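Please read these notes with the model open beside you. They go point by point.

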Amino acid sequence: MKAVVYENFGATPKLMQVADPTPEADDVVIKVEATGVCRSDWHGWMGHDPDIELPHVPGHEFAGIIAEIGRNVTRFKVGDRVTVPFVSGCGSCHECHSGNHQVCGNQTQPGFTDWGSFAEYVVIHHADVNLVHLPETIDFTTAASLGCRFVTSFRAVVDQGKVSAGQWVAVHGCGGVGLSAIMIANSLGANVIAIDIADDKLALAKALGAYATINANTVASVPEAILELTKGGAHVSLDALGHPATCINSINSLKKRGKHVQVGLLLAEQATPPIPMDRVIANELEIIGSHGMQAFRYDAMLPMIATGKLAPEKLLGREISLAESIETLMSMEHNTVPGVTVVTSF
């Protein structure tokens with residue numbers, strides 16, 4: 001099969017022919033029809049993830065058709081249209097038994113612990129636990145945009161942030177995660193404030209339901225601007241970028257007893273931002289992590305897509321080829337193109 005492979009961290013990946021994958025007893029092999037290019041893939045390529053072994057194939061948000069199944073798989077068959085969350089649980093540990101597959105201690109992640117979806121085929125382990133049947137009404141390109149960014153935002157807003165109608169919600173960073181969070185929070189009736197440094201991304205955020213936008217380069221203080229706009233601070237604030245500045249701005253923009261949800265990855269030298277813990281204590285703030293979403297929780301999200309309450313297709317930006325994903329991946333840190341980039345030609 002064709003696959004994008006990098007042999008050293010930070011080195012230019014190559015499009016090459018590699019061996020087709022084969023499933024073990026609990027696995028399936030999926031023919032990839034579409035795969036997103038995500039900032040997390042860039043972090044992996046840069047060497048920020050200790051689970052990656054070289055050589056490696058990136059890619060973790062995808063959708064496709066089951067091409068082959070292992071002998072123990074019972075819930076899926078060859079030909080099924082499927083997608084998958086980026087965290088695959090083992091299905092047998094305490095966390096999985098409690099329904100928290102997203103923090104499984106034995107988790108696998110295509111594109112990180114295993115070869116990923118920048119390829120014609122990809123393997124998913126423990127398929128009966130981790131796969132999601134994809135409705136015919138959702139095309140593969142849209143489904144690929146769900147796998148990491150949209151479902152991560154859904155859990156962050158709905159399950160972790162517990163956003164409700166009338167609340168003020170601040171979203172710091174208007175990339176794929178942030179734009180998804182804006183759409184989801186707006187669908188719940190929240191008043192959403194979008195923060196970024198790019199006017200075109202803020203314009204898209206406004207089109208997706210943001211009540212107000214703030215360009216961080218044009219205000220003296222992002223937290224002060226939010227406190228003034230909301231008359232006291234946000235009920236829930238999300239760092240959807242993953243940077244010490246946006247993390248701290250998010251915490252400082254909260255009202256008393258507000259919730260900060262950390263969604264964007266803080267890795268390498270940025271992993272330990274100076275949290276204003278005095279403010280956290282004095283105002284009884286909550287700091288909450290959010291890491292993916294379980295496969296079974298798609299049942300809450302997919303009906304909202306089917307009825308039009310959520311429209312993830314509006315987040316789509318460019319469609320590119322597998323060969324073009326190399327340059328897109330390498331330039332991800334400086335990407336200013338709004339919307340989600342998806343590989344649709346293999």
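**Notes on the model**

1. Leaving aside neighbours within four places in sequence, L241 is in contact with R39, H172, G173, T246, G264 and L265. Contact means heavy atoms within 4.5 Å. L241 sits in the loop between β11 (234-239) and α8 (244-252). Helices (H or I, at least four residues) and strands (E, at least two) are DSSP runs, numbered from the N terminus. L241 is partly exposed, at 36% relative accessibility. Here buried means under 20% relative accessible area, exposed over 50%, and partly exposed in between, with a 1.4 Å probe and protein chains only.

2. A word on the basis. This is a predicted model, in which local features need pLDDT of at least 70 and side-chain atom pairs count only at pLDDT 80 or more, while totals for chains, interfaces and linings use all residues. Residues are numbered from 1 along each chain as its sequence is written, and side-chain values use heavy atoms, leaving out hydrogens and water.

3. Look next at helix α10 (residues 298-306). Its residues Y298, M301, L302, M304 and I305 are buried. They lie on the same side of α10, because they cover an arc of only 160° around the axis. That arc is taken from the directions from the helix axis to the C-beta atoms. On the other side, D299 and A306 are exposed. The cover over the buried residues includes β5 (81-83), β7 (132-133), α4 (140-160) and α5 (176-187). Just after α10, G308 has a positive phi of about 90°.

4. How many salt bridges does a search of the whole structure find? It finds eight. A salt bridge is a side-chain nitrogen of Lys or Arg within 4 Å of a carboxyl oxygen of Asp or Glu. One of them joins E61 and R149 at 2.1 Å, N to O. This pair links distant parts of the chain, 88 residues apart: E61 is in the loop between α1 (39-46) and β4 (62-69), R149 in helix α4. E61 is buried at 0% relative accessible area, and R149 is buried at 7%.

5. R155, D159 and R297 form a network of salt bridges. D159 and R155 have their closest N and O atoms 3.6 Å apart. Both are in helix α4, four residues apart, so about one helical turn separates them. D159 also meets R297, at 2.7 Å, N to O. R297 is in the loop between β13 (286-289) and α10, 138 residues from D159.
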